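Subject: Structure handover

Hello,

Here is the structure I promised to pass on. Please open it first, then read my notes below.

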Amino acid sequence: MIINGCSALVTGGASGLGLATATALHAAGAHVVLLDLPGAPGEAIADRLNAGAGAAAHVPAGSSASTTVVPRDPAAPINPGTSHPRAQFVPGDVTSAGDVQAAVDAAVLLGPLRIVVNCAGIAPGARTVGRDGPMPLADFDRAIRINLVGTFNVTRLAAAAMMKTAPVGDPARQGAAERGVIVNTASVAAFDGQIGQAAYAASKGGVAAMTLPLAREFAPSFIRVMTIAPGTFDTPMLQGLPTAVRDSLGAQVPHPSRLGDPAEYASLVRHIVDNPMLNGETIRLDGAIRMQPK
Ligand SMILES: NC(=O)c1ccc[n+]([C@@H]2O[C@H](COP(=O)([O-])OP(=O)(O)OC[C@H]3O[C@@H](n4cnc5c(N)ncnc54)[C@H](O)[C@@H]3O)[C@@H](O)[C@H]2O)c1
């Protein structure tokens, strides 16, 4: 699917993998709504994107300057070519129905919502039975609530909006009518969770497990659902760790032997959007790492 002229909703868009994705989609000509917590620097990021980064790449849909002909979407409420800012921050919590609906509504106002990337998440680590006794149930609950319920909350509300858009198709590809793509973020912990990752692994395992049923359900609506399971990426989530621990994590990756660059995650998102045969699958993006028990 062609990114230029689409509206994209990126959760966790003010940091790490989400920020890299929002930047890449914006550079490819998308209208981008960043949904992140109210304390996140989303406003400054949106201002920066609107001030120039990626702006030159935007070609109004249907323009003769575009390399591929993009069918005009009658559902598009905006007039491409206006000075309407293409990036917008909507503060909110992915677990809140109202906050997420507000972000979806903002994205729909910018253009036809066709791309959703769920990057909001937390990575708590604690043993199930630690030195102070059993893990508080609320801690397990919080990981599931943000990582799994939050991802589902965004998916259900965004998919409902996507279903109202007119399908588009690349004339060069037969049978390629599409309405949109939802990309969720799991983790290699969904498959090889370490000691202390019971809650995190359960939340990410849920994200991976719901990929196929969602893809099957949305197929008649021409909406694809994919999940990326990153290994270890150099984002603020890991930047809080001591340098020695980060170096050691990077060294454990067989090849390339380093932490992943968030731009590499964003590059896979772009490929998933572009490639209509990718659907209902979880892709590990991990340099062949298999996490050890601890
Ligand atoms: N960095 C890695 O090595 C790695 C590896 C595997 C999976 N992941 C997953 O990738 C995703 C992005 O991680 P990252 O490394 O970019 O982390 P990050 O901490 O840099 O970014 C996460 C963003 O999510 C936001 N967020 C957290 N809770 C939220 C909520 N309830 N509502 C809205 N926004 C919320 C945070 O404010 C933050 O901006 C997460 O789901 C994480 O579990 C990361």
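Let me start at one residue. A288 sits in the segment after β9. Its phi is positive, near 75°, and A288 is a residue other than glycine.

Two notes on the model. It is a predicted model: local features need pLDDT of at least 70, side-chain atom pairs count only at pLDDT 80 or more, and totals for chains, interfaces and linings use all residues. Residues are numbered from 1 along each chain as its sequence is written.

**Other backbone points**

F222 also has a positive phi, about 60°, and is not a glycine. F222 lies in the loop between α7 (211-218) and β8. Is F222 buried or exposed? F222 is buried, because 20 other C-beta atoms lie within 10 Å.

H255 and P256 are joined by a cis peptide bond, with omega about 0°. P256 belongs to the loop between α9 (243-251) and α10.

**The sheet**

Strands of a sheet pair through backbone hydrogen bonds, either parallel or antiparallel. Here, two strands count as paired if DSSP finds at least two bridges between them.

What is the order of the strands in the open sheet? The 7 strands run β3-β2-β1-β4-β7-β8-β9, with parallel pairing. β3 (87-91) and β9 (282-285) stand at the edges with a single partner strand each, so one side of each has no neighbour in the sheet. On average, neighbouring strands are turned by 20° against each other, direction ignored. Angles run from 0 to 180 degrees between N-to-C directions, and axes are lines fitted to C-alpha atoms, for helices over the stretch in contact.

Now walk across part of the sheet:

- β2 (residues 31-36): 6 of its 6 residues are buried, so the rest of the structure largely encloses β2. Both faces are covered, with H31, V33 and L35 buried on one side and V32, L34 and D36 buried on the other.
- β1 and β2: they pair in parallel over 5 bridges. V10 has L34 in β2 as its bridge partner.
- β1 (residues 7-11) and β4: 5 bridges join these parallel strands. T11 stands opposite N118 in β4.
- β4 and β7 (residues 180-185): 4 bridges join them, again in parallel. N118 stands opposite N184 in β7.
- β7 and β8 (residues 223-230): 6 bridges join this parallel pair. T185 stands opposite I228 in β8.

β4 (residues 113-118) is mostly covered, with 6 of its 6 residues buried. I115 is in this strand. I115 is buried, because 29 other C-beta atoms lie within 10 Å. The C-alpha atoms of I115 and A30 are separated by 9.0 Å, although the two residues are 85 apart along the chain.

**Helix packing**

Two packed helices are described by the angle between their axes and the distance between the axes.

α1 and α10 (residues 262-274) pack at about 55°, with axes 8 Å apart. They are therefore oblique to each other. Under 35 degrees counts as roughly parallel, over 145 as roughly antiparallel, 65 to 115 as roughly perpendicular, and the rest as oblique. α1 passes α10 in a right-handed crossing. A crossing is right-handed if the near helix is turned clockwise from the far one by less than a right angle, and left-handed if anticlockwise.

α4 and α6 (residues 198-209) pack at about 20°, with axes 8 Å apart. That makes α4 roughly parallel to α6. Their crossing is right-handed.

**The ligand**

How many residues surround the ligand? There are 30, and the closest are G12, S15, G16, G121 and T235. A residue counts as near if its C-beta atom, placed from the backbone, lies within 6 Å. α1 (16-27), α4 (137-162) and α8 (236-239) are the elements that give two or more residues to this shell. The shell divides into 15 nonpolar, 13 polar and 2 charged residues. Nonpolar means Ala, Val, Leu, Ile, Met, Phe, Trp, Tyr, Cys and Pro; charged means Asp, Glu, Lys and Arg; the others, Gly among them, are polar.

Best wishes

Definitions and conventions:
Buried ≥ 20, exposed ≤ 12 C-beta atoms within 10 Å, placed from the backbone.
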